[in-house]
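Shall we walk through this fold together, one question at a time? Have a look at the sequence and the model first.

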Amino acid sequence: GMRMGMGLGAPSGVTTPVVYNSYAQTWWNALPAALKNNETTYLPIYSDFADAVTNTVLAKLDCLYICANHENTGEIAETSACTYNFIDPAKYHATRINAGANLITTKNTGISGNKASALDLNYNPGGAGTHKNTKDNHSFGVWLNNAGSTGTTDMGAATSTTSGQMVYRTGTNKIGARSNSSTYASTANYVTGLVTVRRKVSSAFYVTPNVDFGYYVPIVSTTMADLNIYLLCRNADGTADMYTDRTISFAYAGAYLDDAEVTLLYNAMSGLLTALAGV
């Protein structure tokens, strides 16, 4: 039996290992050693972020890039934290397009290409292989920190004919979107924060600024573009164009997320930005 006053906890002087969210731990393990400094400060922040999104929602995504992170401000390398896919670091590792002094990561804030540089996500849901992002069941989007210039693309790929997936800013200060067969300028004025494009049926898609769910776009779907999706510009038939000067904090893509799941993602991203800024 147990003597009075004894507990069932760890023996005195023994530290119980902290268990972090599995997505956060795997992503952290994949980072170069130089980016693993201050693990006890930053890994809990990323773990809390993943817990706030929930593993159920994360499991619906193919990729998520945490562009706002603890890496020091400077030029983006192909081993920068923003290039590693939080969902599975072994897939869709981002590589640089026109890399150089213009392609910058800003600590705790995001990445920018200054209308000159971008990232290839090496992610092609319209090509071969199995993806959670499919023609009539997908979500993708970005978190935007600044207004930037008109006529630019934050994330996307499109053919010269009909198919593509894009988020962009139009020439009339609207949120632009493309989901397979049509481009669309939303009736909402451009907003900063999270912009999500979603489709769950063949006849329509949604443009969702932050958690405003009222923008339903009736179109007829055709096919997905067999192109890698670019971040900070558009992949137009294999050519980078429409480079943006916005700063992007997050980018993601996967299966359709409902309103409640978009809200979870939005709140978790907002919470991560707040937590990083508070360190």
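This is a predicted model: local features need pLDDT of at least 70, side-chain atom pairs count only at pLDDT 80 or more; totals for chains, interfaces and linings use all residues.

**Strands, helices and cores**

Q: Over how many bridges do strand 9 and strand 10 pair?
A: Two strands count as paired if DSSP finds at least two bridges between them. Strand 9 and strand 10 (residues 174-179) form a hairpin with 4 residues between the strands, where Asn173 takes a positive phi near 60°. They run in the antiparallel sense, and their bridges number 5.

Q: What is the bridge partner of Thr152 in strand 9?
A: On its other pairing, strand 9 meets strand 8 (residues 152-158) in the antiparallel sense over 6 bridges. A hairpin joins strand 8 to strand 9 through 5 residues. Within strand 9, the partner of Thr152 is Arg169.

Q: Which residue of strand 13 is the bridge partner of Val197?
A: Strand 12 (residues 193-201) is mostly covered, with 7 of its 9 residues buried. Strand 7 (residues 138-144) pairs with strand 12 in the antiparallel sense over 7 bridges, with Leu144 opposite Gly193. Strand 12 also forms a hairpin with strand 13 (residues 204-209), with 2 residues between them, and the two pair antiparallel over 5 bridges. In strand 13, the partner of Val197 is Val207.

Q: How far does helix 2 reach from its first C-alpha to its last?
A: The expected span of a helix is 1.5 Å times one less than its number of residues. Helix 2 (residues 39-53) has 15 residues, and the expected value is 21 Å. Just after this helix, Thr54 takes a positive phi of about 85°. The modelled reach of helix 2 is close to the expectation, at 21 Å.

Q: Which helices and strands do the buried residues of helix 2 pack against?
A: The buried residues of helix 2 are Tyr42, Leu43, Ile45, Tyr46, Ser47, Phe49, Ala50 and Val53. A contact here means heavy atoms within 4.5 Å. Their packing partners are helix 1 (22-30), helix 3 (55-58), strand 1 (61-66), strand 18 (247-254) and helix 4 (259-277).

Q: Which residues touch the most other members of the largest nonpolar core?
A: A nonpolar core is a set of buried Ala, Val, Leu, Ile, Met, Phe, Trp, Tyr and Cys residues joined through side-chain atoms within 4.5 Å. Of the 43 residues in the largest one, those touching the most other members are Ile111, Met155 and Leu231.

Q: Which residues does the second, separate core include?
A: The second core is separate and has 36 residues. Among its members are Leu35, Tyr46, Ala81 and Leu276.

Q: How many disulfides does a search of the whole structure find?
A: A disulfide is a pair of cysteine sulfur atoms within 2.5 Å. The search of the whole structure gives a count of 0.

Q: How far from Cys63 is the nearest cysteine sulfur?
A: Cys63 is buried, with a relative accessible area of 0%. Cys63 is in no disulfide, and the nearest cysteine sulfur, that of Cys67, lies at 11 Å.

Q: Which backbone oxygen does the side chain of Asn235 reach?
A: Asn235 sits in strand 16 (residues 234-236) and counts as buried because its relative accessibility is 2%. A polar contact is a pair of N or O atoms within 3.5 Å; within protein, one must be able to donate a hydrogen and the other to accept it, and residues adjacent in sequence count only if both atoms are side-chain atoms. At 2.7 Å, the side chain of Asn235 reaches the backbone oxygen of Asn228.

Conventions:
Residues are numbered from 1 along each chain as its sequence is written. Side-chain values use heavy atoms; hydrogens and water are left out. Buried means under 20% relative accessible area, exposed over 50%, partly exposed in between (1.4 Å probe, protein chains only).
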